[in-house]
Each structure stands twice: as structure tokens, then as C-alpha cells.
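Please read it alongside the sequence and the coordinates.

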Amino acid sequence: MNEYELALVVNAKITDEERAKVVEKAKGYITRFGGEVGEVEEWGKRKLAYLIQKMDEAYYYFIPFTADSECPNHLEKEMRILDNVLRYLIVRQDGDDGFHVSAAQEAPAEEAQAEEVPAEEAPTEEA
């Protein structure tokens, strides 16, 4: 079983009761696909970095859960069509550092050092 976290950005223009139903639906989908839901963390209403569907504020929820590797795929299909969810993100947590980062995203230290050019060897532009 892997540990995951579902981040939900929910419409701020709906009632508290409707928002609770959205979170309960998301939790229901997780359990339906064989996952176990942890404690939901509600961050409350936050300002968005950019407009989404002409809204500048939304409610943020974080739902940790454990499940097999197939659950996130099924969950993503359901999140796409869930009403009042503006954005969502499913992240796999991985051990000590908290979240999984794929090998393709990590740059080897040797290559990063090779790309740096010392200041005295850097070409200068003359006008």
C-alpha cells in the first residue's frame, strides 16, 4: 500500500453544506477504490494565484489516504467530473522527505556542476 494525498480546490461560492458533500464524495471514491482515508485537513478560504472560472478565491482541502497503485488512476477519473471542484492534485508521499519525485525530474549533481561556468572563463560581451 502506498501513501497519497489528494488536494482539492473547491468553489467558494457554494454553501458550507455543499462543500462538505464534495469532500465526502471524494472520501467515498477513495474508499470505493480500496483506499483508507486519513484525517482531512481544511485550509479554509484562500486567494487563488489566478482566476479559475472567473473566481479569485476557493477553499482548500487536503485528504491523506493509503491505497494500492491503481486507486489514484480511478480517483482521477472521478475528480474530473465532480461538480464544484476547481482543481485537484494527487501526490504520492514517499518516506522521509514527504513526497515522491520521479527520477526524470531530478538532475544529477555531476551534470549540474558541469553546466556551471566559472566567472573568469565566462564570455563577456563588448559593445
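Which residues of the largest nonpolar core touch the most other members? Of its 21 residues, these are Leu6, Leu8, Ile63, Phe65, Leu75 and Met79, where a nonpolar core is a set of buried Ala, Val, Leu, Ile, Met, Phe, Trp, Tyr and Cys residues joined through side-chain atoms within 4.5 Å. At least two residues of this core come from each of strand 1 (2–11), helix 1 (16–32), strand 4 (55–67) and helix 2 (71–81). A second, separate core has nine residues, among them Val9, Leu48, Met55 and Tyr60.

The model is a predicted one, in which local features need pLDDT of at least 70 and side-chain atom pairs count only at pLDDT 80 or more, whereas totals for chains, interfaces and linings use all residues. Residues are numbered from 1 along each chain as its sequence is written, and side-chain values use heavy atoms, with hydrogens and water left out.

The chain contains three helices and five strands, and their order along the sequence is β-α-β-β-β-α-β-α; helices (H or I, at least four residues) and strands (E, at least two) are DSSP runs, numbered from the N terminus. Of the contacts in the chain with a separation of 6 or more, 69% are between residues 24 or more positions apart, contact meaning heavy atoms within 4.5 Å. Buried residues make up 28% of the 127 residues, where buried means under 20% relative accessible area, exposed over 50%, and partly exposed in between (1.4 Å probe, protein chains only).

| Residue | Residues in contact (heavy atoms within 4.5 Å) |
|---|---|
| Leu75 | Leu6, Ala26, Tyr29, Ile30, Phe33, Phe65 and Ile90 |
| Arg19 | Val10, Asn11, Ala12, Ile14, Tyr59 and Tyr61 |
| Asn2 | Phe65, Thr66, Ala67, Ser69 and Arg92 |

Arg19 lies in helix 1. Why does Arg19 count as buried? Arg19 does so because its relative accessibility is 4%.

Asn2, in turn, is found in strand 1 and counts as partly exposed, because its relative accessibility is 27%. The side chains of Asn2 and Tyr4 are joined by a polar contact of 3.2 Å, that is, a pair of N or O atoms within 3.5 Å of which, within protein, one must be able to donate a hydrogen and the other to accept it, while residues adjacent in sequence count only if both atoms are side-chain atoms. Although Asn2 and Cys71 are 69 residues apart in sequence, their C-alpha atoms are 9.9 Å apart in space.

Note on methods. Lists of a residue's contacts leave out its neighbours within four places in sequence.
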